[in-house]
Amino acid sequence: MAATVLASGTSTAATTTLSFPAQPAGTLLVLTLTSSALLATSGSGRPESTGWTKGPSGVDWVEATMYAKVASGGETSVQYTIGSADPSVYNLVAYDDGFVASPLGGPSSSLHSHNAAGNASTDTTAITPTAGASWLVVANIGGSRDGASSFTNPTTLTNSYTRQAGALQTTPDTYGNTQGSAVVTGGTATSTAGSWGGGGAKCTYGQLWAFQISGGGSSVTRDAAGGVTLGGTAPATPQIARSATGGPTLGGTAPRNLLAVRTADGGVTLGGTAVAIAQSVRTASGGVTLAGTAEAVPRVVVTATGGPVIGGTAPTVVTVPATAAGGVALGGDAPAVAVLTRTAAGGVVLSGTADVSGGSVSRTAQGGVTIGGTADATARITTTAAGGVNLTGTAEATVIVARTATGSITLSGTAVAVAKVTTTAAGGVTLAGVGDVGTSVVRDAAGGVALGGTAPAVARVITTAAGGVTLSGTAAATPLVTRSALGGVTLSGVGQLTSDRRDITVTAYLEPRRWSAKIEPRRRTATLDPRRWEGHLG
C-alpha cells in the first residue's frame, strides 16, 4: 500500500487551512495533530464540518487528535481551529487502497504520559482489529516540552510500523507530531512506540486507529466462460473472457470494449467501438489477410511459386515470387518491375522493365567475374594463366595485367603503351615496352647504380676506393669526384681539366674568422696576410 504525504508542518494561527491535490475516490485521508490550545468543538473551520471523522484524542499540556475521511475524489483542502493563535503541528497523509467507509474506523487507543524530566519514548496501547479482514493501523505520536528546541521527533517506529511524516515546532516551546502506519491481519494485537531525541518530550500521547481494507481494492476471478474478471472500486472494471470461438474479450466501463476472437480459418479478429475494426485471417494459400474499415485493406499471401504477394487498395500491389532458377522476382504496378535470378554459372542477373535490363554478374571458368548486359559497357574480369587479371569488354581499352616468370607484373593491351617492369639479376628494375624508352636501372659490383638503355646516355654512378663518387658513361665527360687527404673534394675526368696544376682543391679553412682567399689560376703561389680578414693570392 502506497502512502503520500499531502501536508506536513507547523502553524501559529487560530484557524489553519491545508491545501492538497484531489485524490482518487476511495483514498483514505488521515490528519494527525498536536496543538498547544484546545481544538474547537463547534462551528465552521473544523474537519468535522466537511465530513471528516474525529478519532482518538487526549488533552493535558497539549491536545493530540486524529481525523480521517475516505475521499470522494473532489477534496482539495481541510481546516482545523484551536482556541487561540498558538503553535500547532500537523501531518496529513493519503493511503491509496479501498477502505470500508461506513462505519469509518475500527478499534483505537490513546495512551498519555507526563514526565517532568522528559519521556525518552512514547508507547501506544495495543489494539486487536476484527478477524477476517486486513486492516491499516495508523499511529499518532505527539508531545511537547517547555523551552526552545528541547527535543526531536522519533525517526523510526517499532513493530514494523513505517514512519510516514513528522513535523516539529521549536519556539518558544517545542511541539512535535509523527504519523506512522502498518497493515495487519485481523485478530492479531498490534502496538508501536517511538523514541524522542534530545531531552525527550515532557507531555506525550501515543494513539492508534484501525481502518478496514475493503477486499484489497481489486478482484481477480474466473468467469463462467473460463476467462478472467478484474474488478474493484478503481475507475475501470475490465473483464477478460474467452469468446465462443476461443478468442479473448476485453470489456468493461473503460472508453473501449475490444473483442479479439479466432476466426474459422485460424486467424484473429480484433473489433469493438474503437476507431478501427481490424481482421487478420489466414488465406487458403497460407498467407495472412488484414482487413477492416481503416484506410487500407492489405493482403499478404503465398504465391504458387512460393513467393509472398502484398496486395490491397493501397497505392502499390507488389508481388515477390520465386523464379525457376531460384531467384526472386519483384513486380507490381510500381515504376519498376525487376527480376533477380541466379545464372547457371552461379552468378546473379537483374532485369525488368526499368531503364536497365541490367547486367549479368557471373563466374567464369577461370574463376573471374563477368559483368554484362545492354548497358554502355560489357566488362569482363578474368584470371590469366599466369595468375594475373584480364579486364576486357567493348569499352575503349582491353588491358591485361599478368605476372611474368621473374615475378614482375606486365600491363598490356590495345592501348597506346605496353609497359613491362621486371627485376634484373643484379637486383635492379627494368622498365621496357613499345614506348620511346627501354631503361634499365641496376646495381653494379662496386655498389653503385647504373642507369642504362637505348636513350642517348648511359650513365654510371659508383663509389670510389677513396670514398668519393664516380659518374661515368658514354657522354662527353667522365668526371671523378674524390675526397682528398686533407678532406677536400677533387673533381677530375677526361674532360677539359686534366692537369694537377689546374685542379681545384679546397684544403682547409683559415681561423679565427674563417678567412677566405681568392685563387687565380694564372699564378701558382700567393701569400695571405694574417692581419687581414680576406686574403688575396695574387
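## Close-up views of a predicted model

**View 1. Strands β4 and β5 lie side by side.** Five bridges connect β4 with strand β5 (residues 63-70), and the two run antiparallel. Here a strand is a DSSP run (E) of at least two residues, numbered from the N terminus, and two strands pair if DSSP finds at least two bridges between them. Look for K54, which stands opposite Y67 in β5. As a reminder, strands of a sheet pair through backbone hydrogen bonds, either parallel or antiparallel. This is a predicted model, in which local features need pLDDT of at least 70 and side-chain atom pairs count only at pLDDT 80 or more, while totals for chains, interfaces and linings use all residues. Residues are numbered from 1 along each chain as its sequence is written, and side-chain values use heavy atoms, with hydrogens and water left out.

**View 2. Five strands form an open sheet.** Read across the sheet and you meet the order β1-β7-β3-β5-β4, with antiparallel pairing. β1 and β4 (53-59) are the edge strands, each pairing on one side only. On average, neighbouring strands of this sheet are turned by 10 degrees against each other, direction ignored; the axes are lines fitted to C-alpha atoms, and angles between N-to-C directions run from 0 to 180 degrees.

**View 3. Nonpolar side chains gather in a core.** A nonpolar core is a set of buried Ala, Val, Leu, Ile, Met, Phe, Trp, Tyr and Cys residues joined through side-chain atoms within 4.5 Å; buried means under 20% relative accessible area, exposed over 50% and partly exposed in between (1.4 Å probe, protein chains only). The largest such core has 18 residues, and L18, L29, L31, L33, W52, Y90 and L92 touch the most other members. At least two core residues come from each of β1 (3-11), β3 (28-35), β6 (77-81) and β7 (88-95). Leaving out residues up to four places away in sequence, L18 touches A7, L31, T76, S77, V78, Y90 and L92, where a contact means heavy atoms within 4.5 Å.

**View 4. Two aromatic rings meet edge-to-face.** Rings of Phe, Tyr and Trp (its six-membered ring) pair if their centres lie within 6.5 Å; planes under 30 degrees apart count as stacked, over 60 as edge-to-face and the rest as tilted. By this rule there are three aromatic pairs. The ring centres of F151 and W196 are 5.1 Å apart and their planes stand at 80 degrees, so this pair is edge-to-face. F151 sits in strand β11 (residues 151-152) and W196 in the loop between β14 (193-195) and β15 (197-198), 45 residues apart. F151 is buried, at 2% relative accessible area, and W196 is buried too, at 6%.

Key: Helix = DSSP H or I, 4+ residues; strand = E, 2+ residues; numbered from the N terminus.
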